[in-house]
Amino acid sequence: MPGGSAPGNAGAGHYTRTGAAGEGRGAGAGGVRAGVMPEPGAFRPANREDSVRLEGKNAIVTGAGSGIGRAIAIGYAREGARVVAGDIDSATVAGTVETIRAAGGEAIAVRVDVALKAEVDALFAAAFKAWERVHILVSVPGISTTRAFLDLPEDEWDRVVDVSLKGHYLCGQAAARHMAEQGGGAIVNISSICDEVAQANYSHYVASKGGVRTLTKAMAMELAAHGIRVNAIAPGPTDTGSEAMKREYAPIRRKVLPRVPMARLAQPEEMVGAAVFLACESESSYVTGISLPVDGGYLAM
Ligand SMILES: NC(=O)c1ccc[n+]([C@@H]2O[C@H](COP(=O)([O-])OP(=O)(O)OC[C@H]3O[C@@H](n4cnc5c(N)ncnc54)[C@H](O)[C@@H]3O)[C@@H](O)[C@H]2O)c1
(Lines give C-alpha, C1' and ligand atoms only; values in the text may rest on other atoms or scores of the structure.)
Protein backbone atom coordinates (compact mmCIF):
# COMPACT_ATOMS: atom_id res chain seq x y z
CA MET A 1 0.00 0.00 0.00
CA PRO A 2 1.08 3.52 -0.50
CA GLY A 3 2.87 4.51 2.64
CA GLY A 4 5.28 7.23 3.49
CA SER A 5 4.62 10.92 3.77
CA ALA A 6 4.53 13.96 1.57
CA PRO A 7 7.44 15.42 1.34
CA GLY A 8 24.36 14.66 16.01
CA ASN A 9 27.17 12.76 17.68
CA ALA A 10 27.77 9.16 18.65
CA GLY A 11 26.82 8.06 22.12
CA ALA A 12 28.54 5.15 23.81
CA GLY A 13 27.67 2.13 25.85
CA HIS A 14 25.84 -1.13 25.71
CA TYR A 15 22.20 -1.45 24.85
CA THR A 16 20.22 -2.35 27.94
CA ARG A 17 16.77 -2.80 26.38
CA THR A 18 15.10 -1.51 29.47
CA GLY A 19 13.47 1.50 27.92
CA ALA A 20 11.88 3.08 24.97
CA ALA A 21 13.62 1.08 22.26
CA GLY A 22 11.31 -1.82 22.87
CA GLU A 23 8.26 0.37 22.56
CA GLY A 24 5.81 0.53 19.71
CA ARG A 25 5.11 4.14 18.82
CA GLY A 26 1.95 4.98 20.65
CA ALA A 27 1.61 1.34 21.62
CA GLY A 28 -0.95 0.53 24.24
CA ALA A 29 -1.27 -2.55 26.43
CA GLY A 30 0.34 -5.59 24.90
CA GLY A 31 2.09 -3.44 22.30
CA VAL A 32 -1.07 -2.78 20.30
CA ARG A 33 -1.47 0.80 19.12
CA ALA A 34 -4.41 2.42 20.81
CA GLY A 35 -7.09 4.15 18.86
CA VAL A 36 -6.82 3.63 15.16
CA MET A 37 -8.06 0.14 14.76
CA PRO A 38 -9.26 -2.75 16.91
CA GLU A 39 -8.01 -5.86 15.21
CA PRO A 40 -8.16 -9.61 15.61
CA GLY A 41 -4.92 -11.42 16.36
CA ALA A 42 -3.14 -8.14 17.02
CA PHE A 43 0.65 -7.92 17.13
CA ARG A 44 2.56 -8.39 20.36
CA PRO A 45 6.27 -7.60 20.26
CA ALA A 46 8.61 -10.50 21.06
CA ASN A 47 10.93 -10.35 24.03
CA ARG A 48 14.41 -10.28 22.53
CA GLU A 49 16.45 -9.82 25.67
CA ASP A 50 19.25 -12.15 24.64
CA SER A 51 19.51 -11.30 20.93
CA VAL A 52 22.40 -9.23 19.55
CA ARG A 53 22.50 -10.45 15.98
CA LEU A 54 23.94 -7.19 14.63
CA GLU A 55 26.62 -6.59 17.24
CA GLY A 56 29.72 -4.97 15.73
CA LYS A 57 27.80 -3.79 12.65
CA ASN A 58 27.33 -0.20 11.51
CA ALA A 59 24.04 0.48 9.73
CA ILE A 60 22.65 3.45 7.85
CA VAL A 61 18.86 3.58 8.02
CA THR A 62 17.20 6.27 5.90
CA GLY A 63 13.66 7.47 6.56
CA ALA A 64 14.37 6.73 10.22
CA GLY A 65 12.34 9.64 11.57
CA SER A 66 9.04 7.80 11.67
CA GLY A 67 7.09 4.68 10.79
CA ILE A 68 8.88 1.64 9.43
CA GLY A 69 12.32 3.31 9.25
CA ARG A 70 12.13 4.41 12.86
CA ALA A 71 11.11 0.93 13.99
CA ILE A 72 13.99 -0.65 12.06
CA ALA A 73 16.55 1.86 13.37
CA ILE A 74 15.45 1.16 16.95
CA GLY A 75 15.25 -2.58 16.30
CA TYR A 76 18.77 -2.63 14.81
CA ALA A 77 20.17 -0.78 17.83
CA ARG A 78 18.44 -3.30 20.07
CA GLU A 79 20.28 -6.02 18.14
CA GLY A 80 23.61 -4.32 18.86
CA ALA A 81 24.17 -2.27 15.67
CA ARG A 82 25.47 1.29 15.66
CA VAL A 83 22.96 3.30 13.63
CA VAL A 84 23.25 6.33 11.38
CA ALA A 85 19.64 7.51 11.22
CA GLY A 86 18.90 9.68 8.19
CA ASP A 87 15.71 11.56 7.41
CA ILE A 88 14.52 14.70 5.65
CA ASP A 89 12.88 15.74 8.93
CA SER A 90 15.67 16.61 11.36
CA ALA A 91 13.34 16.90 14.36
CA THR A 92 11.79 13.45 14.09
CA VAL A 93 15.07 11.71 13.33
CA ALA A 94 16.63 13.39 16.36
CA GLY A 95 13.78 11.83 18.34
CA THR A 96 14.66 8.37 17.01
CA VAL A 97 18.29 8.82 18.01
CA GLU A 98 17.26 10.09 21.45
CA THR A 99 15.16 6.95 21.94
CA ILE A 100 18.07 4.69 20.94
CA ARG A 101 20.54 6.50 23.19
CA ALA A 102 18.13 6.58 26.12
CA ALA A 103 18.15 2.78 26.00
CA GLY A 104 21.96 2.64 25.85
CA GLY A 105 22.38 2.24 22.09
CA GLU A 106 24.64 4.16 19.74
CA ALA A 107 23.25 6.35 16.99
CA ILE A 108 23.72 9.64 15.19
CA ALA A 109 21.13 11.67 13.30
CA VAL A 110 21.74 13.16 9.86
CA ARG A 111 19.30 15.26 7.86
CA VAL A 112 19.16 14.03 4.27
CA ASP A 113 16.94 14.24 1.23
CA VAL A 114 17.58 10.87 -0.41
CA ALA A 115 16.55 12.25 -3.82
CA LEU A 116 19.59 14.56 -3.90
CA LYS A 117 23.02 13.07 -4.62
CA ALA A 118 24.95 15.78 -2.77
CA GLU A 119 22.91 15.14 0.39
CA VAL A 120 23.30 11.37 0.09
CA ASP A 121 27.06 11.84 -0.27
CA ALA A 122 27.03 14.01 2.88
CA LEU A 123 25.07 11.29 4.73
CA PHE A 124 27.71 8.69 3.91
CA ALA A 125 30.54 11.13 4.75
CA ALA A 126 28.95 11.63 8.19
CA ALA A 127 28.71 7.87 8.66
CA PHE A 128 32.37 7.31 7.70
CA LYS A 129 33.47 10.13 9.97
CA ALA A 130 31.61 8.57 12.90
CA TRP A 131 32.49 4.89 12.39
CA GLU A 132 34.68 4.49 9.28
CA ARG A 133 32.82 1.50 7.90
CA VAL A 134 29.24 0.82 6.89
CA HIS A 135 28.13 -2.82 6.87
CA ILE A 136 24.39 -2.40 6.29
CA LEU A 137 22.15 0.01 4.43
CA VAL A 138 18.39 0.02 4.96
CA SER A 139 16.93 2.30 2.31
CA VAL A 140 13.42 3.23 3.39
CA PRO A 141 11.74 6.39 2.10
CA GLY A 142 8.83 6.15 -0.28
CA ILE A 143 6.24 8.87 -0.71
CA SER A 144 3.01 9.27 -2.62
CA THR A 145 0.07 11.45 -3.46
CA THR A 146 -3.37 10.13 -4.37
CA ARG A 147 -3.99 11.09 -7.99
CA ALA A 148 -5.81 9.62 -10.97
CA PHE A 149 -3.41 8.79 -13.77
CA LEU A 150 -5.28 11.09 -16.17
CA ASP A 151 -4.71 14.05 -13.79
CA LEU A 152 -1.18 13.28 -12.67
CA PRO A 153 1.07 16.30 -13.26
CA GLU A 154 4.70 15.89 -14.26
CA ASP A 155 6.16 17.55 -11.17
CA GLU A 156 4.20 15.20 -8.89
CA TRP A 157 5.37 12.16 -10.87
CA ASP A 158 8.96 13.43 -10.68
CA ARG A 159 9.01 14.00 -6.92
CA VAL A 160 7.40 10.65 -6.06
CA VAL A 161 9.73 8.73 -8.36
CA ASP A 162 12.79 10.74 -7.25
CA VAL A 163 12.25 9.85 -3.60
CA SER A 164 10.69 6.41 -3.95
CA LEU A 165 12.97 4.97 -6.67
CA LYS A 166 15.93 7.23 -7.42
CA GLY A 167 16.63 7.51 -3.69
CA HIS A 168 17.28 3.75 -3.57
CA TYR A 169 19.68 4.05 -6.52
CA LEU A 170 21.60 6.96 -4.96
CA CYS A 171 21.86 5.42 -1.48
CA GLY A 172 22.44 1.92 -2.86
CA GLN A 173 25.26 3.02 -5.14
CA ALA A 174 26.99 5.03 -2.39
CA ALA A 175 26.74 2.05 -0.05
CA ALA A 176 27.78 -0.52 -2.64
CA ARG A 177 30.90 1.39 -3.72
CA HIS A 178 32.06 1.44 -0.11
CA MET A 179 31.01 -2.16 0.60
CA ALA A 180 32.77 -3.41 -2.53
CA GLU A 181 36.02 -1.90 -1.25
CA GLN A 182 35.61 -3.40 2.22
CA GLY A 183 34.69 -6.83 0.82
CA GLY A 184 30.96 -7.09 1.44
CA GLY A 185 27.81 -5.89 3.10
CA ALA A 186 24.03 -6.07 3.04
CA ILE A 187 21.50 -3.71 1.50
CA VAL A 188 17.79 -3.83 2.33
CA ASN A 189 15.37 -1.74 0.27
CA ILE A 190 11.89 -1.09 1.59
CA SER A 191 9.52 -1.76 -1.27
CA SER A 192 5.78 -2.55 -0.98
CA ILE A 193 3.21 -5.12 -1.99
CA CYS A 194 2.69 -2.53 -4.75
CA ASP A 195 5.94 -3.79 -6.27
CA GLU A 196 3.80 -6.66 -7.54
CA VAL A 197 0.18 -5.48 -7.63
CA ALA A 198 -1.15 -2.14 -8.79
CA GLN A 199 -3.43 0.22 -6.93
CA ALA A 200 -5.74 2.75 -8.60
CA ASN A 201 -4.72 6.40 -8.20
CA TYR A 202 -1.11 5.57 -7.30
CA SER A 203 0.51 5.00 -10.71
CA HIS A 204 3.63 7.01 -9.79
CA TYR A 205 4.00 5.09 -6.52
CA VAL A 206 3.40 1.61 -7.93
CA ALA A 207 5.75 2.33 -10.84
CA SER A 208 8.42 3.35 -8.32
CA LYS A 209 7.89 0.22 -6.24
CA GLY A 210 8.00 -2.04 -9.30
CA GLY A 211 11.29 -0.32 -10.01
CA VAL A 212 12.55 -0.96 -6.48
CA ARG A 213 11.81 -4.66 -6.91
CA THR A 214 13.72 -4.98 -10.18
CA LEU A 215 16.48 -2.61 -9.08
CA THR A 216 16.97 -4.89 -6.08
CA LYS A 217 17.33 -7.90 -8.38
CA ALA A 218 19.72 -6.08 -10.73
CA MET A 219 21.88 -4.87 -7.85
CA ALA A 220 21.90 -8.37 -6.33
CA MET A 221 23.13 -9.87 -9.60
CA GLU A 222 25.92 -7.34 -10.11
CA LEU A 223 27.03 -7.02 -6.52
CA ALA A 224 27.14 -10.70 -5.54
CA ALA A 225 30.69 -10.85 -6.88
CA HIS A 226 31.63 -8.19 -4.32
CA GLY A 227 30.11 -10.07 -1.39
CA ILE A 228 27.14 -7.69 -1.19
CA ARG A 229 23.64 -9.11 -0.73
CA VAL A 230 20.72 -6.93 -1.82
CA ASN A 231 17.15 -7.69 -0.84
CA ALA A 232 13.85 -5.90 -0.40
CA ILE A 233 10.98 -6.06 2.05
CA ALA A 234 7.47 -5.62 0.68
CA PRO A 235 5.28 -4.42 3.54
CA GLY A 236 1.53 -4.74 3.42
CA PRO A 237 -0.65 -1.95 4.81
CA THR A 238 1.08 -0.75 7.95
CA ASP A 239 -0.32 1.48 10.64
CA THR A 240 2.48 3.99 11.04
CA GLY A 241 0.24 6.53 12.72
CA SER A 242 1.28 9.08 10.06
CA GLU A 243 -1.06 11.80 8.87
CA ALA A 244 -1.17 10.14 5.44
CA MET A 245 -2.23 6.85 7.03
CA LYS A 246 -4.92 8.57 9.12
CA ARG A 247 -6.21 10.36 6.02
CA GLU A 248 -6.37 7.15 4.02
CA TYR A 249 -7.59 4.95 6.83
CA ALA A 250 -11.23 4.78 5.65
CA PRO A 251 -10.46 3.73 2.04
CA ILE A 252 -7.80 1.31 3.27
CA ARG A 253 -10.26 -0.32 5.63
CA ARG A 254 -12.89 -0.54 2.86
CA LYS A 255 -10.72 -1.64 -0.06
CA VAL A 256 -7.57 -3.20 1.32
CA LEU A 257 -8.39 -4.93 4.60
CA PRO A 258 -10.87 -7.35 2.98
CA ARG A 259 -7.90 -8.58 0.93
CA VAL A 260 -5.66 -9.19 3.94
CA PRO A 261 -6.13 -12.77 5.20
CA MET A 262 -4.92 -11.75 8.65
CA ALA A 263 -7.62 -9.02 8.63
CA ARG A 264 -5.54 -6.29 10.26
CA LEU A 265 -2.88 -3.74 9.47
CA ALA A 266 0.74 -4.42 10.35
CA GLN A 267 2.54 -2.49 13.05
CA PRO A 268 5.87 -0.92 11.96
CA GLU A 269 7.67 -3.14 14.48
CA GLU A 270 6.53 -6.18 12.51
CA MET A 271 8.98 -5.22 9.73
CA VAL A 272 11.97 -5.40 12.08
CA GLY A 273 12.36 -9.19 12.11
CA ALA A 274 12.60 -9.36 8.31
CA ALA A 275 15.02 -6.41 8.25
CA VAL A 276 17.29 -8.06 10.83
CA PHE A 277 17.12 -11.42 9.05
CA LEU A 278 18.08 -9.93 5.66
CA ALA A 279 20.97 -7.92 7.15
CA CYS A 280 22.33 -10.70 9.35
CA GLU A 281 25.01 -12.67 7.51
CA SER A 282 24.69 -15.75 9.71
CA GLU A 283 20.94 -15.98 9.06
CA SER A 284 20.56 -15.05 5.39
CA SER A 285 24.01 -15.64 3.87
CA TYR A 286 22.54 -17.33 0.76
CA VAL A 287 19.60 -14.95 0.29
CA THR A 288 19.88 -12.22 -2.31
CA GLY A 289 17.65 -10.57 -4.91
CA ILE A 290 14.32 -11.23 -3.19
CA SER A 291 11.43 -8.99 -2.25
CA LEU A 292 10.11 -10.53 0.95
CA PRO A 293 6.41 -9.83 1.56
CA VAL A 294 5.51 -8.98 5.15
CA ASP A 295 1.87 -8.49 4.35
CA GLY A 296 -0.47 -10.62 6.45
CA GLY A 297 -0.96 -12.86 3.41
CA TYR A 298 -2.09 -10.15 0.96
CA LEU A 299 -0.02 -11.38 -1.97
CA ALA A 300 -1.09 -14.95 -1.38
CA MET A 301 -4.62 -14.13 -2.53
N1 LIG B 1 2.76 2.31 5.74
C2 LIG B 1 2.40 1.45 4.79
O3 LIG B 1 1.25 1.00 4.73
C4 LIG B 1 3.40 0.96 3.79
C5 LIG B 1 3.06 -0.13 3.00
C6 LIG B 1 3.97 -0.60 2.05
C7 LIG B 1 5.19 0.02 1.91
N8 LIG B 1 5.50 1.09 2.70
C9 LIG B 1 6.82 1.70 2.47
O10 LIG B 1 7.53 1.75 3.67
C11 LIG B 1 8.42 2.85 3.64
C12 LIG B 1 8.23 3.69 4.90
O13 LIG B 1 6.91 4.19 4.91
P14 LIG B 1 6.15 4.58 6.24
O15 LIG B 1 4.74 4.18 6.04
O16 LIG B 1 6.90 4.13 7.42
O17 LIG B 1 6.18 6.17 6.09
P18 LIG B 1 6.36 7.34 7.14
O19 LIG B 1 5.83 8.57 6.50
O20 LIG B 1 5.84 6.97 8.48
O21 LIG B 1 7.96 7.45 7.23
C22 LIG B 1 8.70 7.82 6.12
C23 LIG B 1 9.90 8.61 6.60
O24 LIG B 1 10.68 8.96 5.45
C25 LIG B 1 11.03 10.33 5.55
N26 LIG B 1 11.24 10.87 4.22
C27 LIG B 1 10.30 11.23 3.30
N28 LIG B 1 10.89 11.72 2.22
C29 LIG B 1 12.23 11.66 2.43
C30 LIG B 1 13.36 12.04 1.68
N31 LIG B 1 13.22 12.59 0.47
N32 LIG B 1 14.58 11.84 2.19
C33 LIG B 1 14.73 11.32 3.43
N34 LIG B 1 13.70 10.96 4.21
C35 LIG B 1 12.46 11.13 3.71
C36 LIG B 1 9.87 10.99 6.27
O37 LIG B 1 10.25 12.23 6.87
C38 LIG B 1 9.50 9.91 7.28
O39 LIG B 1 10.22 10.06 8.48
C40 LIG B 1 8.13 3.60 2.34
O41 LIG B 1 9.04 3.20 1.34
C42 LIG B 1 6.74 3.14 2.00
O43 LIG B 1 6.49 3.22 0.62
C44 LIG B 1 4.64 1.58 3.63
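## Strands E1 and E2

In this predicted model, strand E1 (residues 58-62) and strand E2 (residues 82-87) are paired in the parallel sense, with five bridges between them. Within this pair, Ile 60 has Val 84 of E2 as its bridge partner, and Asn 58 stands opposite Arg 82, also in E2.

E1 is mostly covered, with five of its five residues buried. In a regular strand, side chains alternate between the two faces of the sheet. On one side of E1 lie Asn 58, Ile 60 and Thr 62, and on the other lie Ala 59 and Val 61; all of these are buried, and both faces of the strand are covered. E1 is also joined to E4 by three bridges, and these two strands run parallel. Ile 60 takes part here as well, standing opposite Leu 137 in E4.

## The sheet as a whole

The strands described above belong to an open sheet of seven strands, arranged in the order E3-E2-E1-E4-E5-E6-E7 with parallel pairing. Strand E3 (107-111) and strand E7 (291-294) stand at the edges; each has a single partner strand, so one side of each is left without a neighbour in the sheet. On average, neighbouring strands are turned by 20 degrees against each other, direction ignored. The pairing of strands in a sheet is made through backbone hydrogen bonds and may be parallel or antiparallel.

The chain contains nine helices and seven strands in total. Of its 301 residues, 48% count as buried.

Strand E5 (185-190) has six of its six residues buried, so it is largely enclosed by the rest of the structure.

The chain reaches E5 from E4 by way of helix H4, in a right-handed β-α-β crossover. E5 is likewise parallel to E6, with six bridges joining the two strands. Here the bridge partner of Ile 187 is Val 230 in E6. The path from E5 to E6 leads through helix H5 (residues 203-223), and this β-α-β crossover is also right-handed.

## Helices on the sheet

Helix H1 (residues 67-78) lies across E1, E2, E3, strand E4 (136-139), E5 and strand E6 (228-235), and runs at about 165 degrees to E1. Helix H8 (residues 272-279) also packs on the sheet, where it touches E1, E4, E5, E6 and E7. The direction of H8 makes about 150 degrees with that of E5.

Ala 71 is one of the residues of H1. Is Ala 71 buried or exposed? With 27 other C-beta atoms within 10 Å, Ala 71 counts as buried because the threshold for burial is 20 or more. Apart from residues up to four places away in sequence, Ala 71 touches Pro 268, Glu 269, Met 271 and Val 272. Ala 71 and Thr 96 are 25 residues apart in sequence, while their C-alpha atoms are 8.8 Å apart in space.

## The nonpolar core

In soluble globular proteins, nonpolar side chains tend to be buried together. The largest nonpolar core of this model has 73 residues. Those with the most contacts inside this core are Ala 59, Val 61, Ile 72, Ala 73, Val 83, Ala 85 and Ala 275. Helix H4 (residues 154-182) gives the most to the core, contributing eight residues.

Leaving aside its neighbours within four places in sequence, Ala 85 is in contact with Val 61, Ala 64, Ala 73, Val 93, Thr 96, Val 97, Ala 107 and Ala 109.

## Confidence of the model

The average pLDDT of the chain is 88, and 84% of the residues score at least 70. Over residues 6-38 the pLDDT stays under 50; for this stretch the model has 75 contacts beyond four places in sequence.

Notes
Residues numbered from 1 in each chain as written. Predicted model: local features only at pLDDT ≥ 70, side-chain atom pairs only at ≥ 80, totals over all residues. Pairing = 2+ DSSP bridges. Helix = DSSP H or I, 4+ residues; strand = E, 2+ residues; numbered from the N terminus. Axes fitted to C-alpha atoms, helices over the stretch in contact; angles between N-to-C directions. Contact = placed C-beta atoms within 7 Å. Buried ≥ 20, exposed ≤ 12 C-beta atoms within 10 Å, placed from the backbone. Core = buried A, V, L, I, M, F, W, Y, C linked by C-beta atoms within 7 Å. pLDDT = per-residue confidence, 0-100. Right-handed = clockwise from strand over helix to strand, strands pointing away.
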